[in-house]
Amino acid sequence: AIDRQAAIIDEKMDAVKEYMVHRRIPRPIARRVRIYYEHYFASKSAYDESQILGGMPPALRFEVATVIVRDTIGSMPIFQPLGSDVQMEAFLLLKPLSTVPLEWLYRRGERSRELYFLLKGTVDVLDASEERILFQLHESAYFGETAISGRRREASIISRSHCELYSLARDDLQVLFAKFPELSAKMDAHVSDELKRKDRIY
């Protein structure tokens with residue numbers, strides 16, 4: 001099984017390298033792309049999780065997804081108080097994301113389109129000059145709360161290390177809030193306290 005997964009990863013890396021050559025991507029950028037995908041494939045299963053889950057009967061898929069939710073967003077403080085049905089609905093809307101060190105997640109003043117959940121790694125929250133670190137966020141943290149309030153980004157965030165995250169689009173958040181009004185109330189209260197705390201720092 002390990003050999004099979006390694007072969008799949010090698011095949012995907014070859015495709016990435018061929019694409020860089022075909023598009024004549026400058027060597028420094030191509031190197032960053034290669035490093036990104038090497039980390040991405042090393043930290044992810046080479047198999048298409050959505051395809052595997054999609055082929056299961058609904059009851060079995062739910063059981064498997066429940067385990068995945070428990071080991072990912074289910075352990076995060078913002079999701080822990082919520083019921084398993086809400087956690088499951090949220091998980092199905094999440095988009096996985098990997099970053100290399102010194103990659104921007106967003107910049108101060110940009111429109112707020114996603115809420116982020118940090119599974120692994122560390123990110124730096126920078127001041128308005130983007131030269132001073134205000135504080136750092138680590139595993140199980142979430143950020144980008146302005147996606148809920150609709151405010152523009154109030155700080156810039158850049159990855160300190162290789163990071164594994166989930167993002168939740170603002171439009172998908174509104175879908176969740178419409179389906180689970182209790183989620184909207186709990187998250188609004190949680191996020192309001194967090195925004196007040198961060199406003200004092202920014």
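Predicted model: local features only at pLDDT ≥ 70, side-chain atom pairs only at ≥ 80, totals over all residues.
Biologist: Is Phe62 buried, partly exposed or exposed?

Modeller: Residues are numbered from 1 along each chain as its sequence is written, and side-chain values use heavy atoms, leaving out hydrogens and water. Buried means under 20% relative accessible area, exposed over 50%, and partly exposed in between (1.4 Å probe, protein chains only). Because its relative accessibility is 46%, Phe62 counts as partly exposed.

Biologist: Which helix holds Phe62?

Modeller: Helices here are DSSP runs of H or I with at least four residues, while strands are E runs of at least two, numbered from the N terminus. The chain has eight helices and eight strands. Phe62 sits within residues 58–71, which form helix H4.

Biologist: How are H5 and H7 oriented, roughly parallel or roughly antiparallel?

Modeller: Helix H5 (residues 84–93) packs with helix H7 (residues 170–179) at about 160°, their axes 10 Å apart. Axes are lines fitted to C-alpha atoms, for helices over the stretch in contact, and angles run from 0 to 180 degrees between N-to-C directions. Angles under 35 degrees count as roughly parallel, over 145 as roughly antiparallel, 65 to 115 as roughly perpendicular and the rest as oblique. So H5 is, relative to H7, roughly antiparallel.

Biologist: Which residues of H5 and H7 make the contact?

Modeller: Contact means heavy atoms within 4.5 Å. From H7 come Asp172, Leu176 and Lys179, and from H5 come Glu89, Ala90 and Leu93.
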